[in-house]
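Subject: Structure handover

Hello,

Here is the structure I promised to send. Please open it alongside this message.

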Amino acid sequence: MPDPPAIDVADQPPRGWSQLWKSEDWWAVWIGFVILAVVCGVVLPSVTVDSGDAGATVKITNPFKAWVGQPTTWRHSPVEAFSNDAKPLAYRGAIGVFCLGLIAFGIGLSVMGTPFRRFAPAFLAVFILTVLAFVLAGQVWVKTHHLSYALWALLIGLIISNTIGTPAFLRPAVRTEFYIKTGLVLLGAEILFGLLLKLGVPGIFVAWVVTPVVLITTFWFGQRVLKIESKTLNITIAADMSVCGVSAAIATAAACRAKKEELTLAVGMSLAFTVVMMFVMPWFIKLVGMGQVLGGAWMGGTIDATGAVSAAGEFVGEDALKVAVAVKMIQNILIGVIAFCVAIYWVTRVERDAAGSRPSAWEIWHRFPKFVIGFVVASLVFSWLYAGYADENVARTVITGAIKKDTTSQLRGWFFCLAFVSIGLATNFRELGRYFAGGKPLILYLCGQSLNLVLTLFMAWLMFVKLFPGAMEELGR
Amino acid sequence: MDTRPVRIVEPACWRSRLGWGPFVGAVGVMLIVWLVLLPALSDRPAFQACVARLNAQGIDPSAIFYTEQAVSLDVLATLTRRTKRQKTSTGSGKSF
């Protein structure tokens, strides 16, 4: 009788209570929660609000801001990324995040069985590669063309692993999932459900009706028409193309446990098409004389990445910029819902046993990616915190500005970059090519994006031109 | 009960490699691109004007989420003002 196929250890999370301190999922939740609690515990008590005739003035002390920042933009010399006229002490961010990561991930991995003495030197080396990825991404020409750190982190890792090979001593710190899941818990805090209603009916239709329709249709097309073997690759590309690029790809891939090569492919295609769309769409909109509101809504709903949407909006005009950013922001919030639904769908429908029987509630709980719980809880807590402020301008300055933009989103970027370096260090070019077999992922992306462009344009026209004319002009002023 | 044997799976790239030649070549190309080519492209006046416009608006073209750029906060402020105006004009509910 032949041996049964072997299974990866990664597929065998511990069962019972011990998973609370023996699984990466739960450690990602604990680390994310501790970071959020400490940042809130220090920043929130420091907030003072002075009400004046011109409106409230908010004063905040945020000691973390200087110690979590990413290397800055540079033009001629990479040294400017660490120290320049505007930010002479920019290098402190790398030092602070290294210390935090060493302690947080080091403790977690020690408890899970990786000795700290092996992890520490490995983490130092992986972290240096991460800093290098940020430096490459920070060159002003690269940055302006939305060639973000994810691309360079992958490239650096791929070059090393496919040429000289990933050194054995680095391997204890090549922990893609651990870094991604921790980053995703922090991302959860950035998803505020209160923002949903701000655009009103037209915005919700453009961002929240078209997106799920495109996502589900693309997934169906990939399974039934293209017959893509891997469902995880299919859903990761569909989410990344229909929602908001890299961040949606990361969240969805983690929720359905996609392979690292699949995430790499999805992110690579998204970045490539984003660069093209952020220049072609504004040109086309101007060429055909499309209105700024309609054009902005169209770009906000279709260009994958938030930064590229903003740049494309700016190329069209000020009104288009505001509308595009607003639509994209509402779409950003969809990440939480998509990740949660994909996780549920995967554990209940896709990962059924061979007999196809319905899994028990306990089995569903066991398989459910626990970091999603942290992601959702963080989102709900921060939505509640935001809503708790009597003055929304203060809430925006404190929660969205000081806590998120200046602190947790910086950390989240570091953790995602660590993850992409790790993916590169553990990926083989030939394996990557196998996932691209027959060009099916590219065909899927192209067909899905074409549907997205047509549907979003139709919905934006219906909502902002026909049914609610003037709804967004008010925003544009 | 699952009786399949458990093994630790190592990525194939931890076993296969091209060698130091391609590595040195790749590093050399990157050094030339980032230290010579890109700084030269960045010095073009049209590009500098574009960067100045984006900076003035608080746009970070490399942002992957709305919380990473200042322009999102500005748009949020505009949305808040609009919601406030709508509530005031319809007389419904509390102010922010």
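This is a predicted model: local features need pLDDT of at least 70, side-chain atom pairs count only at pLDDT 80 or more; totals for chains, interfaces and linings use all residues.

First, α9(A) and α15(A). Helix α9 of chain A covers residues 200-225, and helix α15 of chain A covers residues 318-350. Their axes are 9 Å apart, at an angle of about 40 degrees. That angle makes α9(A) oblique to α15(A). The crossing is right-handed. From α9(A), the contact uses G203(A), I204(A), V206(A), A207(A), W208(A) and T211(A). From α15(A) come A326(A), V327(A), I330(A), Q331(A) and L334(A). By class, that gives eight nonpolar, three polar and no charged residues.

Next, α2(A) and α8(A). Helix α2 of chain A spans residues 24-43, and helix α8 of chain A spans residues 176-188. Their axes come within 8 Å and cross at roughly 40 degrees. The two helices are therefore oblique to each other. This crossing is right-handed. On the α2(A) side, the contact residues include E24(A), D25(A), I31(A) and L36(A). On the α8(A) side, they include E177(A), F178(A), K181(A) and V185(A). The contact of α2(A) with α8(A) has eight nonpolar, two polar and four charged residues.

Last, I235(A). Where does I235(A) sit? I235(A) belongs to helix α10 of chain A, residues 231-242. I235(A) counts as buried because it has 30 C-beta neighbours inside 10 Å. Leaving aside residues up to four places away in sequence, I235(A) touches F219(A), T252(A), C256(A) and V342(A). P78(A) is 157 residues from I235(A) in sequence and 38 Å from it, C-alpha to C-alpha.

Best wishes

Terms used. Residues are numbered from 1 along each chain as its sequence is written. Chains are lettered from A and ligands numbered from 1 in the order in which they are written. Helices (H or I, at least four residues) and strands (E, at least two) are DSSP runs, numbered from the N terminus. A residue is buried if 20 or more other C-beta atoms lie within 10 Å of its own, exposed if 12 or fewer, and partly exposed in between; C-beta atoms are placed from the backbone. Two residues are in contact if their C-beta atoms, placed from the backbone, lie within 7 Å. Axes are lines fitted to C-alpha atoms, for helices over the stretch in contact, and angles run from 0 to 180 degrees between N-to-C directions. Angles under 35 degrees count as roughly parallel, over 145 as roughly antiparallel, 65 to 115 as roughly perpendicular and the rest as oblique. A crossing is left-handed if the near helix is turned anticlockwise from the far one by less than a right angle, and right-handed if clockwise. Ala, Val, Leu, Ile, Met, Phe, Trp, Tyr, Cys and Pro count as nonpolar, Asp, Glu, Lys and Arg as charged, and the others, Gly among them, as polar.
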